[in-house]
Amino acid sequence: MRRTTFRAFVAAAVAVSAAGVTAVTATPAVAQDAAEAHFVVLGPQHGSLGRTEASIRAAGGEVLQSWPQIGVVIATSTSADFASEVRRKPGVAGAGASRNLAELGQAAAGARAAGAAEKQGMLAKIDAVATTAAKSAPVAGAVTPEPLEANQWGVRAVKSDQANAISGGSRDVVVGVLDSGIDAAHPDLAPNVDASTSVGCTNEGVPDTSPAAWAPTTSSHGTHVAGTIAAARNGVGVAGVAPNVRLASVKVVDDDGFIYPEYAICGFVWAAEKGIDVTNNSYFIDPWYLWCKTDRDQAAVIQAVQRAVDYSVRRNVVNVAALGNSNWDLSHRITDSGSPNNGTPVERTVGNECMDIPAELNGVVGVSAIGPEIRKSFYSNYGVIEADVTAPGGDSRQVADTPAGNGRILSTIPGGGWGYSQGTSMASPHAAGVVALIRSTHGNWPAPLVTASLGLRADRLPCPAGVYDPDGSGQFLATCQGGQSGKGFYGFGVVDALDAVTR
């Protein structure tokens, strides 16, 4: 509904040139007063941003970070009218508050605290089940199962256990995990975390390569996601879909659980500049669940993030993202009662003019979630256009055919442990891992061809008949468009790791 999907790539994949990588300079951000709001300002997409920066200062703003590669400047101002003022100045194509002006006003601190608590509560809950796992013994002529792999129904659903007998991926392939940071000391992840391509983006959207900037602090989310993609087959714990590829920790989630636009922009540009092959984006950009093109502030943010995604695709990056966990049909009108989530929410009924970013942007593969019974997870967002593929995200209401019988996803957690979680956040990294295997097998394929191949090789799932009531409670009703194609819930189908390494 809201974007040109990767179905266009399936029809006609086009070559994209990958220009030479230019390093991003990680300069520290200037300290900001608490009462300064954050803005994205759009300038020319080619050439200097000098006039744009001068206009920002003339309007009473301060430049935090310039991205001349995409014509975007991140700025702050103490004035709530800054965006409307700077839009009238030369070198400015658009501007908007990136955090809903929540930083301003006497009630701002309390509103942010309440929003942060709600946001933390929304993050996928992770239940630790093990802090140690006995090392498994090698099996001659076969892939040795990891000690906890019997409870990983997801790797079997995407056939990565079979694929890994042929290939675990190439060390030349790097997956950027845009998330809350990766525990680089975890025994299942340490072999694959690449510090040279890792970065923190949560300091005002300014890249910081110090290890502390990209390490997890208040959230296990990124470490769990990373394990699904590339936990090593090393006789310890679990197995990732692509256990031989490298991981870049690109931290875009701050300590309050927010992913503001400037963080995501930093992450996508970093991926483009550092030659990262795949990004996983298990988040939506705050503070709006759905960003609307009819609002000038929100429209500027959509365009800024789209420019960053476009730049990454031109640099040959494949971007994969979670569709969200509200059981929303993104192809139809939606009532959003939780935005903005960093202040006082206002109920809105929105349609085609609003979108979940980054998942609904051009150049991003949107992933819905299935449970162990290989049907839609009760919480998963969906949409006949928005769902490009589906993958295991877990479902506590479905029973897994595993020793534990747990329908959620088992993966790594900080501190050297392992735990279960569920969400489209867990589905997206399964798909990103399959993309990493395709890129490993076909190293010369451009990003659009890789994206097309992901869909063409997926295993189709038909729509369920009638209204889908996953647990019989009537609380999570959903209707799938597409009949036998299953597109409404599942896009092109379940991602297939075996085909990724054999076709």
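Predicted model: local features only at pLDDT ≥ 70, side-chain atom pairs only at ≥ 80, totals over all residues.
Trainee: Which residue stands opposite Val-367 in strand 15?

Mentor: Ala-322 stands opposite Val-367 in strand 15. Residues are numbered from 1 along each chain as its sequence is written.

Trainee: What makes strand 11 and strand 15 a pair?

Mentor: Two strands pair if DSSP finds at least two bridges between them, and strands themselves are DSSP runs (E, at least two residues; helices are H or I, at least four), numbered from the N terminus. Strand 11 and strand 15 (residues 364–370) have 4 bridges in the parallel sense, so by that definition they pair. Strand 9 (residues 278–281) is likewise joined to strand 11 by 4 parallel bridges, with Val-278 having Val-318 as its bridge partner.

Trainee: Why is strand 11 called mostly covered?

Mentor: Buried means under 20% relative accessible area, with exposed over 50% and partly exposed in between (1.4 Å probe, protein chains only). In strand 11 (residues 318–322), 5 of its 5 residues are buried. Val-318, Val-320 and Ala-322 point one way and Asn-319 and Ala-321 the other way, and all are buried. Of the 503 residues of the protein, 61% count as buried.

Trainee: What makes strand 2 and strand 4 stand at the edges?

Mentor: The open sheet has 4 strands in the order 2-3-1-4, with antiparallel pairing. Strand 2 (62–67) and strand 4 (94–97) each have a single partner strand, so one side of each is left without a neighbour in the sheet. Within this sheet, strand 1 (residues 37–42) and strand 3 (residues 72–77) run antiparallel, joined by 6 bridges, and Leu-42 stands opposite Val-72 in strand 3.

Trainee: How do you know that helix 8 meets helix 11?

Mentor: Contact means heavy atoms within 4.5 Å, and His-221, His-224, Val-225, Thr-228 and Ile-229 in helix 8 meet residues of helix 11, among them Met-426 and His-430. Helix 8 (residues 221–230) and helix 11 (residues 424–441) pack at an angle of about 35°, their axes 8 Å apart, where axes are lines fitted to C-alpha atoms, for helices over the stretch in contact, and angles run from 0 to 180 degrees between N-to-C directions.

Key:
Heavy atoms only, no water.
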